[in-house]
Amino acid sequence: MSRRTRIAVCCVALAGLAALLVASVIDLPAFGHYQGAYGNQLNREAVPERHTTNVVTAIVFDYRGFDTLAEEFILFASVVGVTLLLRRAKDSEDEHEVLRKAPDDRTRSDAVHVAGLALIPPLFLLGLWLVAFGLVTPGGGFQGGVLLAGALFVVFLAAGFRAYYELTPTPWLDFAEGSGAAAFTLLGVGALLAGASYLHNFLGPGPRGTLDSGGSLPLLNWATALEVTAAMLLLFSEFLERYVAPGVRPLP
Amino acid sequence: MSYLPYILAAWLFLVGLYGIVTSRNLIHLAVCLTVMQSSTYVLLLAIGYKHRGTAPVFYGAPVGSRAVDPVVQALTLTDVVVSVTVVALILALALDVHRDARTLDPDEIAAFEG
């Protein structure tokens, strides 16, 4: 089929799909007139029941904790996939070889240095705060983890590849990423050992609105933050390595 | 106007799909997929929105105050994570394709194999 025919067929199909989509949303409750039962019930009951004031994070790590376990492994599997695709062979010389082959991209502008130095600590702190208070105020392990990784990306922007690469050794990232996923899984087993069901909040809720209000949920939260940070950094590092030192990882 | 956010979601979905079908570059295709997937964020959040509802965080706000649906927000969070992982995998595959076929145009890759 030629490209032109294909696009014509596609446009007809898209027009049909558009009609179906419009027909289906017309019967939804009008925007702003939400009628779902679950959301209202959780908004009413999550705080009295679980003492965690951020209901979204309570859903992620408690009510739908099992889904989050699966989500952790989606993230884990995709990072493993990317690593397998990009990292063909690995030996102990690799790290030095990458650093030797990488072009000299040190940032020489003082303005960029200063801007980077001014950005990194607040970003890092904001990331830690988002994770730590994820069950109390808006935030959580996923959001905070991305921000923590972002703070380290700024190191790359402000100081260049070598500074970033030496600050985030790939073996450590591999280890951190695996431990994050393992910790989440084992915390679920911890609940089993405590005589409750898998991923149950075995430490029990603490005083409302405080850091320990979540019981064992903050532990799940930190495990997620560790995994997300490491996963984001690993993805970035693998792509970056391919870019700066394409020949180092030998092809099969 | 009360259906506008839903129509926006449908539009993002269709425009992303059109981009994928007509794409001449695998990286462009990955970006189109992200556009398509962002329609699901808009749809989920629009379904859970309540007029004059606040965020479902009851720190400083009394329980029982009018708040939007937290379930769809948690689902959107999952959605974003899945989107990131999918794009990362596609980009890694695109790098592999480029190494083997020396092109990122899906049409030329088909020609290269056949």
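How many residues does the contact take from chain A and from chain B? It takes 46 from chain A and 43 from chain B, where contact means C-beta atoms, placed from the backbone, within 7 Å. This is a predicted model, in which local features need pLDDT of at least 70, side-chain atom pairs count only at pLDDT 80 or more, and totals for chains, interfaces and linings use all residues. Residues are numbered from 1 along each chain as its sequence is written, with chains lettered from A and ligands numbered from 1 in the order written.

**View 1. The side of chain A that touches chain B.** Helices (DSSP runs of H or I, at least four residues, numbered from the N terminus) that each supply at least two residues here include H1 (3-26) and H10 (217-244) of chain A. H1(A) gives the most, ten residues. This side divides into 30 nonpolar (Ala, Val, Leu, Ile, Met, Phe, Trp, Tyr, Cys and Pro), six charged (Asp, Glu, Lys and Arg) and ten polar residues (the others, Gly among them).

**View 2. H1(A) against H1(B).** H1(A) and H1(B) (residues 4-22) pack at about 165°, with axes 10 Å apart. Because angles over 145 degrees count as roughly antiparallel, that is what H1(A) is to H1(B). Among the residues making this contact are A:Leu14 and A:Leu17 of H1(A), and B:Tyr6 and B:Leu14 of H1(B). By class, there are 15 nonpolar, one polar and no charged residues.

**View 3. Buried residues of H6(A).** A:Gly127, A:Leu130 and A:Val131 are buried (20 or more other C-beta atoms within 10 Å of their own, all placed from the backbone). Their cover includes H7 (141-159) and H10 of chain A.

Methods: Contact = placed C-beta atoms within 7 Å. Buried ≥ 20, exposed ≤ 12 C-beta atoms within 10 Å, placed from the backbone. Axes fitted to C-alpha atoms, helices over the stretch in contact; angles between N-to-C directions. Parallel < 35°, antiparallel > 145°, perpendicular 65-115°, else oblique.
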